[in-house]
Amino acid sequence: MTENSLEIIKYIQIARENHKKGNVYRANEIYSKLINQKIYTYELLVSYGIFCKEINNLKIAKNLFFLSIKKYPLKINSYILLAEILRKENKINDALKTLFAAKKIEKFNSEIDYSLSITFKTIKSFKEAIISINSAINQKPNNQTYQILKADILVETFKNEKAKKLLLNLKLPKDSILFFQREILLSKIFINEKEYKLSEEVLLGLKKSFSKERILYLNLSDLYFKNKELEKGILILKEGIKIFPKFIPLRFNLGIMYRNLGLIELSIKTHLE
């Protein structure tokens, strides 16, 4: 089998289909067999890297993206994917170096700017984050994902009116993840403005359609803590813990709620569970 073989493309497609169906073992078997034959096409390296990243095998994913950059240095996607993993590993300087290397190859690439903005936001370099996301938006003004990130940065820097105006201008399907993200940001704006009831309405509205999103339960509990509605907070946290028993922040918040109500034994028990 040669690197230019159409057969390789066929096997990559089969691996992707297996992954999509949840047959992770079979997908990995196909990818591994190709890699063990030292078949290093760009499509294989990136596809297998994305697969490994999604199953949280970050070490192999990172090595695949490094190899892809070495063999195909003008292909930008590998830099962006590698930077994403480096961010997860909290290697922010390495992520920035990777993205700046990509930017030397393609000065005007909205996805590089978007990734740079996320990376700067991670370390709270909000000025640089805004510059980068504005650059991405200037290149693709209709990209709603970019608009959501800009609004997120504005919320982080308490520029609530600018963020609200930006978010309310977005027309999004109510069952989309972007709609979910928009509403989460609006709820944060209302909290910043001490409009707690409005924030609660937004979050409870989301809960009807996105009940499997654990951040909802965490954000509602934070809201009830700020609003001193601890009984409501305890109820929503118990509900969330039933669905996400291993999500530690929910238990942590529940312990804090119990403590503030003077239920010390329950608080200690919750923290130890």
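**Terms and their grounds**

Mentor: At 18% relative accessibility, Lys207 counts as buried, since buried means under 20% relative accessible area, exposed over 50% and partly exposed in between (1.4 Å probe, protein chains only). This is a predicted model, in which local features need pLDDT of at least 70 and side-chain atom pairs count only at pLDDT 80 or more, while totals for chains, interfaces and linings use all residues. Residues are numbered from 1 along each chain as its sequence is written, and side-chain values use heavy atoms, with hydrogens and water left out.

Trainee: Where is Lys207 placed, and what does Lys207 touch?

Mentor: Lys207 belongs to helix H12 (residues 196–209), helices being DSSP runs (H or I) of at least four residues, numbered from the N terminus. Leaving aside residues up to four places away in sequence, Lys207 touches Leu216, Tyr217, Leu220, Ile236 and Glu239, where contact means heavy atoms within 4.5 Å.

Trainee: What makes H8 and H9 roughly antiparallel?

Mentor: The axes of H8 (residues 126–139) and H9 (residues 144–156) come within 10 Å and cross at roughly 160°, with angles running from 0 to 180 degrees between N-to-C directions. Angles over 145 degrees count as roughly antiparallel, and H8 and H9 are therefore described in that way.

Trainee: Which classes of residue make up the contact of H8 with H9?

Mentor: Among the residues meeting there are Phe126, Ile130 and Ile133 of H8 and Tyr146, Leu149 and Lys150 of H9. By class, the contact has ten nonpolar, two polar and two charged residues, with Ala, Val, Leu, Ile, Met, Phe, Trp, Tyr, Cys and Pro counted as nonpolar, Asp, Glu, Lys and Arg as charged, and the others as polar.

Trainee: How do you know that the buried residues of H10 are on the same side?

Mentor: In H10 (residues 160–168) the buried residues are Asn160, Ala163, Lys164, Leu166 and Leu167. They cover an arc of only 165° around the axis, which puts them on the same side of H10. The face turned away from that buried side carries the exposed residues Glu161, Lys162 and Lys165.

Trainee: Why is Lys124 called exposed, and what is its phi?

Mentor: Lys124, in the loop between H7 (110–122) and H8, counts as exposed at 57% relative accessibility. Its phi is near 60°, a positive value in a residue other than glycine, whereas most residues other than glycine have a negative phi.

How values were computed. Helix = DSSP H or I, 4+ residues; strand = E, 2+ residues; numbered from the N terminus. Parallel < 35°, antiparallel > 145°, perpendicular 65-115°, else oblique. Arc of directions from axis to C-beta.
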